[in-house]
Amino acid sequence: MNSALPAAVAKGPDLSKARIKRRYATEARFRLYGLGAITFAIVFLVILLGTIISNGYSAFVATTIALDVNLDKAAIDPDGTKNPETIAQADFRGVVRTSIRSLFPEGTERSQERVLFGIFSEGAQYDVQKRVVNNPQLIGTTQRFWVKAAPDIDMLRKGYLVAADDGTARVNLTQEGFYKRLEKDGRVRTEFNTTFFTAADSREPEQAGVLGAMVGTFMTLGVCLLLVLPIGIAAAIYLEEFAPKNRWTDLIEVNINNLAAVPSIVFGLLGLAVLLNWFGMPRSAPLAGGVVLALLVLPTIIIAGRSALKAVPPSIREAALGVGASHLQTVGHHVLPLAMPGILTGTIIGMAHALGESAPLLMIGMVAFVVDTPTSLTDASTVLPVQIFLWADAPERAFVERTSAAIMVLLVFLILMNLVAILLRRKFERRW
Amino acid sequence: MNNLIFIAVVLAITALAYHYGRRHALGVVGGKARDLHSLPGYYGAYVALWCLIPAMTCAVLWFLIEPLVLKQMIVGSILETRPGLSGDEIGLAVNEIHSLSINAYAFASATADKKALVGRYLEIKSIGSIAMVVLAFALAAAGLYYARKMIAPRLRARQAVEKAIMCAMIVCSTIAVLTTIGIVFSLLFEAMRFFAHVSPIDFLFGLQWSPQIAMRSDQVGSSGAFGAVPVFAGTLLITAISMAIAVPIGLFSAIYMAEYSSHKFRAWVKPILEVLAGIPTVVYGFFAALTMAPFVRDVGQAVGLDVASESALAAGIVMGIMIIPFVSSLSDDVINAVPQSLRDGAYAMGATKSETIRQVVIPAAFPGIVGSIMLAVSRAIGETMIVVMAAGLAANLTANPFAAVTTVTVQIVTLLIGDQEFDSPKTLAAFALGLVLFVVTLILNIIALTVVRRYREQYE
Amino acid sequence: MAEINVALSARDSSAPTGKIKLSARNVGVFYGAANALRDVNMDFEEHQVISLIGPSGCGKSTFLRCINRMNDTIPGCRVVGSINMDGTNIYGPDIDPVELRARVGMVFQKPNPFPKSIYDNVAYGPRIHGMAAGKAELDEVVEWALRSAGLWEEAKDRLQQPGTGLSGGQQQRLCIARAIAVHPEVILMDEPCSALDPIATAKIEELIDELRRSFTIIIVTHSMQQAARVSQKTAFFHMGNLVEEGPTDVIFTKPHDPRTGAYITGRIG
């Protein structure tokens, strides 16, 4: 009677304990892979941020050394002109060096003087010069200046360097000895590194800051936003609300989706060939940078805008059309205001993307070494990510610290922008 | 700065025209707005647009053709001082004058007759600008006059204004298309100039890449070698390494989030993964160069391997991690699109969760997953900062992940950074590489987006 | 359907034995705080077709999904009470839903073949449950299941083609073949014909009648005619309660509860 039933079927499912156990072991393993993958990603994120923060937090403070400078009238303004231009010409380097020598009254061998001077920043003379030019009354007095230590000494104090006499160490034992003595005399302190936020780029790490790059970033993003917001909204409205369904609009749609996935460096090449070489826009300037970034983020913003418009229910449109509003009035008075939070959220996220972008800006020359903070849209300037790229290339340990700190500044801006986007979304989130 | 003033003045005139038009329309009907066809504001906008559009069209047209006009006009002056120049040389001379005119530092050290030419150039330029401004204001006045004459109670001002707004919106929506066209043509144009120096066959199939040799034309070995195969191979090697990291980890994360995790876990972990996607690539590049590359080298040396300090492995690993959230969020969407009924079918057979996922969900989502991976590959190929900062410059043709290799994007950046003559094969080679990069990523994207779209339609 | 008669002779006994296969005691279901099903007590005899009828949202599908613990896959769903299968509570602590579902198969409202070949669809269960020792045995199982589901003649030349390429009725029979390939003891059917045309429906109904010889079948249906045609016993659910159960002919001719009568004559629903 059972002849027609295959043996395997008659046997039924194999629900033996051993087999079920094996299947569940596989199950547990599979689950573990998933959890492991997520853990890996999170651990990496922690390591990445941890490395940046541990490398960079110390850049927000700087070592300064008290230097009592004798503003000798004979050396600075022998004729007593009090004329700022004359004063500025004076040999402040010599003035500073005399003061440094006087820190060690027992005298130092000539060969060691270079080592001694090396404890102080090259910029010390400019600090003194600036203060004296601004206030000529100081001439003839002795003033205490907290001047920046040289980067190597700063690194030594922060524990990133070890002094040695092996010829390769950046600080030798003699120099460390001088430094230790100054420290013992209470002449060394650590203070907040204002230079980092008030200076533009410099070859000397202790005089370099992110202000120039930040101003450049704001200008570039400003140009970008000014272009991308009206154009993006107009394009999104047209494509979502008015465009007829035909080949041409299909092409636009496919084109926008593909453009969103084109490598950013290609936009840089476009900027170089068209904006710089054809239209003759100035190189390295926020104007060209903003236009390139605008073209880069435009597709993203159009896509975000369209989905925000799509989320507005048709009943709203029907209601407005029903009372005799024109299609454009309907969109302008009812649909757009309701979609605006979504569009703005998308725009902020797009701008955050633009803020982190550097490759296309390299192409249009925003890698220039710019010592001045830009004042107009056509000045040569750089932006934060590119500044990071430039500093990352510098070999000094002090620049590693500053690169990491600049990254922290960049990340703070990104976090703020995303926070605004999230809050905006929370506040205006609607369930239809 | 002058441009900004011009724009501000035009906008101010427009605002005045708006008020004027509105008042005039109300005046025509004696203040009774009901007698007008449209709201008074539309008449104001009508007049304003008649001012703004002619003036701005004039300005934009001038902006577009100015370079051509300037070039034509300065060529005559150049030939006067230096007769008998060939076409190429004229082009070079024009470019030089142009760059001298915007670079005061270079101008100071230029020769006297060049200074004269630059002066002539700037003179032409300012005459042109003044002519443009005069023309623009004349057009604005004409527009104002015409629009004022047109204002009448029966004028369908709203329709006219709406039509103008529609046109503006259509123009905006074509900018994306124009961008693509701009990319294609600028890359093609510059690449063609490159291929006039180096044959496409040599470029695409040559095994020797050393463009940096040709620094000066009188230098020995000035020809340079432009065989891009080692560059392509390096790109593929780093892309392969990054995919080996990103695909399994991204996919498993997506599976865990879509199928296993609780709502709460997901609400916490998904944003954290998105942070990985939001970190600028320059940060990854810094990490790759500063931390990952020495780490990989030390580990390699500890097990007795010879690892380059700019190894493909370090750059590839970091790039892979950057792409994890990309793969995971795309795959997450794709996996969520698989209908629940298929899972139910498998559960009802007595399948465990992992059996359901491996044997039913993943096969069902396969096309979508392949599409996501292709998009990720396209992204890895086009990624620039990580490799610029952590990969090598020398083009080695090797499959050894511990060796230093270079990539297409690294070469584009190194060829174009710095001040070289724009017309040398060396800089033009960057555009040829850019063209290859664009074409390859475009093909990948088109296929991937089509696959993903088809896949979605299947389950909708 | 001659082939089925031959094929299904395994646990064959064309008449109900009277042995209780499943018995539900005080079964209730909560979705979060919402109580979707209350206090269901019901017995299911072996080798019978039992239909569960009632208006939409009455809890009949929810109850059906309790029997193979498919509700476990829905987050926030909680089942109280007990369901005994051959005397063991399937909600007991050491019962594994995976094992249970191998013994209690299910066919869904909409045909849901996997996006694989016809062969792989049917072979899926035998494979995961390690039933066949080799390719030859697996072939045998697949052929048997397809014959039992009355699909063999239509499908035997296209076994390697995707199951999604079949017609709706064929897909549903493929899903039935997929379910019976594991040789479960009970088959649950959740409105198996609601997405099918009348001819396909007739085929499935015929098939259900044949399958009864080997399996206990519980079917949720919207169609009272279908319940009358295929089932020996019928249970009427209304607003989360089991109102009445009994032999199909009694329910349809002399219902005790006025609500049952009202539903059958089309006054509620």
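**Salt bridges and a strand in a predicted model**

Author: C:Arg229 forms a salt bridge with C:Glu205, with the closest N and O atoms 2.5 Å apart. The pair links distant parts of the chain, 24 residues apart: C:Arg229 lies in helix H9 (residues 224-230) of chain C and C:Glu205 in helix H8 (residues 198-211) of chain C. Helices (H or I, at least four residues) and strands (E, at least two) are DSSP runs, numbered from the N terminus. This is a predicted model, where local features need pLDDT of at least 70 and side-chain atom pairs count only at pLDDT 80 or more. Residues are numbered from 1 along each chain as its sequence is written, and side-chain values use heavy atoms.

Reader: What is a salt bridge, and how many are there over all chains?

Author: Side chains of opposite charge can pair when their charged atoms come close. The rule here asks for a side-chain nitrogen of Lys or Arg within 4 Å of a carboxyl oxygen of Asp or Glu. The count comes to 40 salt bridges over all chains.

Reader: Is C:Glu205 buried or exposed?

Author: C:Glu205 is buried (under 20% relative accessible area; exposed is over 50%, partly exposed in between; 1.4 Å probe, protein chains only), at 8%. C:Arg229 is exposed, at 53%.

Reader: Which way do the residues of strand E6 of chain C point?

Author: In a regular strand the side chains alternate between the two faces of the sheet. In E6(C) (residues 104-107), C:Val104 and C:Met106 point one way, C:Gly105 and C:Val107 the other, and all are buried.

Reader: Which residue stands opposite C:Gly105?

Author: C:Ile187 in E7(C) does.

Technical notes: Chains are lettered from A and ligands numbered from 1 in the order in which they are written. Two strands pair if DSSP finds at least two bridges between them.
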